[in-house]
Amino acid sequence: MDDNKKQYAFMKGNNTAKTPWYGHMGGVPEHLEYSQGTLCDAVLEAAAKYPNNIAFDFMGKPTTYKRLAEEIHNCAKALKTIGIRKGDRVTIAMPNCPQALFVFYAVNMVGGIANMIHPLSAEKEIEFYLNESKSVTAITLDQFYNKFEAIRKNTSVVNIVIASIRDELAQPIKAGYMLTEGRKIQKIPADAPVIRWNEFMQMGKHCFWNYRVEQDCEEGAVILYSGGTTGTTKGIMLSNLNFNALAAQVVAANPMFKPGDKMLAAMPIFHGFGLGVSIHSMLANGGRCVLVPRFTPKSLGKIITKQSINFMAGVPTLYEALLRLPSMEKADLGNLKGVFSGGDSLSIELKKKLDQFLIDHNAKVQVREGFGTTECVTASCLTPPHMYKEGSIGVPFPDTYYKIVEPGTENELPYGEEGEILLAGPTVMKEYIGHPEETAQTLRTHADGLAWVYTGDLGSMDNEGFIYFKGRMKRMIVSSGYNIYPGQLENILDAHEMVHMSCIIGVPDPYKMQKVKAFVMLKEGVPATEETKQNILAYCRKNIAKYAMPYDIEFRETLPKTLVGKVAYRVLEEEEAAKQSANA
């Protein structure tokens, strides 16, 4: 038995972690066997089983598993030809498009490490990601070329490969694309020091053998970025096992899944939720990804109805946008088998609205909330198929362990008490690259033999193992010595009949340390007047403790969003800080 198998045998039988959720998993197994191969191996195995099945759809054009496997091999040969060797970091800055999938798995095939970044990142951010990862090659789309060219001299990047969306479009759509989106793309100079995608793929013809590199399943395969527990951007090194374990867990937690089922892949490939759940979990199990390169509410509604989607995974703002779509009024959602929310807190009120929306549109499912961190790829617990508890984010995945401790300690708290959420299991990261001290602070091995992630998130667990997320410690507002959790106040505000969506922040105060301010998007047709504000404040006084009352409500037509669609509360905090500085 190799070391990895020993580790998971130990986890199954010999650790002392409490598991009150056993017996409440709704038929989901407590333990699984995991692939000992690579990310690419898992997808190629699915391709061998289902060669003629559709692996993914892209803007109306389907691609079979057979072609996916062929393109991965061809791309791997091309990577080998330009000099990518085992352990080399390759930055992929692309939306959800076919070339992104081909190169992601090809990098894995040649033993490289895929450094996944947002293509809309600013130049200096791209420079940071390239240098932090020590990338030797970058692969992006033509519309992002100028940003990469502007900073490449400050990095160790040798080759830039440029792909184009139009190359993967069906002919009728390609013509329309070139007349609209394609016209906006600045032309790349003919002598630009780049390799065009088609030329790059032709290079693979010069490579015949030794392009597949043997790897251990525990070796690093992917770098994703997160603020971690300290709020500063860090690269998270994740292994082949991390992703393959997640793929097995996601399917095990959804026994209604069948090969060929369609998953809406609207969450981006550079985010753990998009890459881990919507893409890899599907492609490793014979599912069908419906790739959405750029999310807009209108396009989303059209895809969901036209493609007869079976599974959807997204952040609350994605679902909030869906509820407002006029085109969804007559939609039939009877094909849905699973609707999952994660990446941010789903308010109780939004869940109620979404569940009613699903019922009204013939769906036989309700939204199932989950929780996770990029330090474990993405989701690590999920509401079970058979049982929902209001306010809960569900129970742990197979082979995954949760406990609630006094923040920063190993002292486990009794059921129902609030503390820091810790988790352990086969999806837990290897490290923060280049940050050993922060790795040691976040990843700690306890006496039970498990390596626990200190999430920096607050929550509790009941006696049946259901987890309740209360908020992030670093987002907690402290006012006059009281701890205030913005998520709880947002739940209250979102329940008001005039409120569509809210965001709570802490504003510096010389007396209280911080005071609470609310930003509110009103429902359509509700006037942003003083009368409306007083109405909502009167409601707050009835439902919120005096120490947590917002001192002001500011109405906004929209709330700022992060690159992955969460409400960007930090942007609002920075705006308030700038106002205070200007008035000082």
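Start by selecting Tyr468, which sits in strand 22 (residues 467-472); helices (H or I, at least four residues) and strands (E, at least two) are DSSP runs, numbered from the N terminus. Before you go on, know that this is a predicted model, where local features need pLDDT of at least 70 and side-chain atom pairs count only at pLDDT 80 or more, while totals for chains, interfaces and linings use all residues. Residues are numbered from 1 along each chain as its sequence is written, and side-chain values use heavy atoms, with hydrogens and water left out.

**Stop 1: around Tyr468**

Is Tyr468 buried or exposed? Tyr468 is buried, because its relative accessible area is 16% (buried means under 20%, exposed over 50%, partly exposed in between, with a 1.4 Å probe and protein chains only). Now show what Tyr468 touches beyond four places away in sequence: Lys389, Glu390, Gly391, Ser392 and Ile393 are among them, and so are Leu458 and Asp462 (contact means heavy atoms within 4.5 Å). Draw a C-alpha to C-alpha distance from Tyr468 to Gly391 and you get 6.3 Å, although 77 residues separate them in sequence.

**Stop 2: a lysine in strand 9**

Jump to Lys234, in strand 9 (residues 234-239). Lys234 counts as buried because its relative accessible area is 0%.

**Stop 3: aromatic pairs**

Next, show the rings. There are eleven aromatic pairs, counting rings of Phe, Tyr and Trp (its six-membered ring) whose centres lie within 6.5 Å, with planes under 30 degrees apart called stacked, over 60 edge-to-face and the rest tilted. Select Phe56 and Phe102, a tilted pair at 6.1 Å centre to centre with 55° between the planes. Phe56 belongs to strand 1 and Phe102 to helix 4 (residues 98-109), 46 residues apart. Phe56 is buried at 0% relative accessible area, and Phe102 is buried at 1%.

For a stacked example, go to Phe311 and Phe340: 6.2 Å centre to centre, 10° between the planes. Phe311 is in strand 12 (residues 311-314) and Phe340 in strand 13 (residues 338-341), so this pair ties together parts 29 residues apart in sequence. For a ring cluster, select Trp21, Tyr22 and Tyr401.

**Stop 4: enclosed space**

Finish with the cavities. The whole structure has four of 30 Å³ or more. Here a cavity is a set of points on a 1 Å grid over the protein atoms alone where a 1.4 Å probe fits but cannot get out, and lining residues have an atom within 4 Å of a point. Grid points are joined across faces, edges and corners, and a volume is the space filled by probe spheres set on the points.

The largest cavity has a volume of about 80 Å³. To find it, select Ile404, Glu412, Leu413, Tyr415 and Met461, the nearest to its centre of the 13 lining residues. Strand 17 gives the most to this lining, with three residues.

The second largest cavity has a volume of about 60 Å³; its lining includes Met25, Val28, Arg368 and Phe397.

Conventions:
On a 1 Å grid over the protein atoms alone, a cavity is a set of points where a 1.4 Å probe fits but cannot get out, and a pocket is an open set with protein on both sides within 12 Å along at least five of seven lines; lining residues have an atom within 4 Å of a point.
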